[in-house]
Amino acid sequence: MEEEFTKLGILESIEVERNLLEEQLSGLTEEQMLQNTLEGEWSIKDIMAHIVSWESLMVDWLETTMKGEVPQMLPPGLTWDDLDVWNQQMYEENKAVP
């Protein structure tokens, strides 16, 4: 059965998936959250900070769009080809945040 893409359906999917993520994370210790796992550099904490950064950007873009304006989606001087650079910048900004 194909999912219906309505505002309510999307919001319900977000809530279900967020709850599953929180359930998975709740069983981890602080040590496990801080252990480098992704390519030997990013910890689960870093991955969560990355997700939060992108969620925040999306909220800003949606709010700007709802005002009838065009959001600036990329930092000045970057293109979508620089996505790895931008992700690394976000990582550097958040790696020391508890």
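This is a conversation about how terms are applied to one predicted model.

Trainee: What should be kept in mind about the model and its numbering?

Mentor: The model is predicted, so local features need pLDDT of at least 70 and side-chain atom pairs count only at pLDDT 80 or more, while totals for chains, interfaces and linings use all residues. Residues are numbered from 1 along each chain as its sequence is written, and side-chain values use heavy atoms, with hydrogens and water left out.

Trainee: Why is K45 called buried?

Mentor: Buried means under 20% relative accessible area, exposed means over 50%, and partly exposed lies in between, with a 1.4 Å probe and protein chains only. K45 has 16% relative accessibility and therefore counts as buried. This residue is found in helix α3, a helix being a DSSP run of H or I of at least four residues, numbered from the N terminus. Leaving out residues up to four places away in sequence, K45 touches M33, L34, N94, K95, V97 and P98, where contact means heavy atoms within 4.5 Å.

Trainee: What makes the set containing W86 and M90 a nonpolar core?

Mentor: A nonpolar core is a set of buried Ala, Val, Leu, Ile, Met, Phe, Trp, Tyr and Cys residues joined through side-chain atoms within 4.5 Å. The largest such core has 6 residues in all, namely L57, W61, L74, L78, W86 and M90, and α3 and α4 each supply at least two residues of this core. In soluble globular proteins, nonpolar side chains tend to be buried together.

Trainee: How do you know that the side chains of N94 and S53 make a polar contact?

Mentor: A polar contact is a pair of N or O atoms within 3.5 Å; within protein, one must be able to donate a hydrogen and the other to accept it, and residues adjacent in sequence count only if both atoms are side-chain atoms. The contact between the side chains of N94 and S53 is given at 3.3 Å. N94 lies in helix α4, residues 83-94, and the backbone oxygen of M90 is 2.8 Å from a polar atom of the N94 side chain.

Trainee: What makes one space a cavity and another a pocket?

Mentor: On a 1 Å grid over the protein atoms alone, a cavity is a set of points where a 1.4 Å probe fits but cannot get out, whereas a pocket is an open set with protein on both sides within 12 Å along at least five of seven lines; lining residues have an atom within 4 Å of a point. A search of the whole structure finds 1 cavity of 30 Å³ or more. The largest cavity holds about 40 Å³ of space, and its lining consists of W42, D46, A49, H50, M90, Y91, N94 and K95. The largest pocket holds about 340 Å³ of space and is lined by I14, E17, R18, L21, E55, M58, V59 and L62, with α1 (7-26) and α3 (44-66) each supplying at least two residues of that lining.

Technical notes. Points joined across faces, edges and corners; volume = space filled by probe spheres on them.
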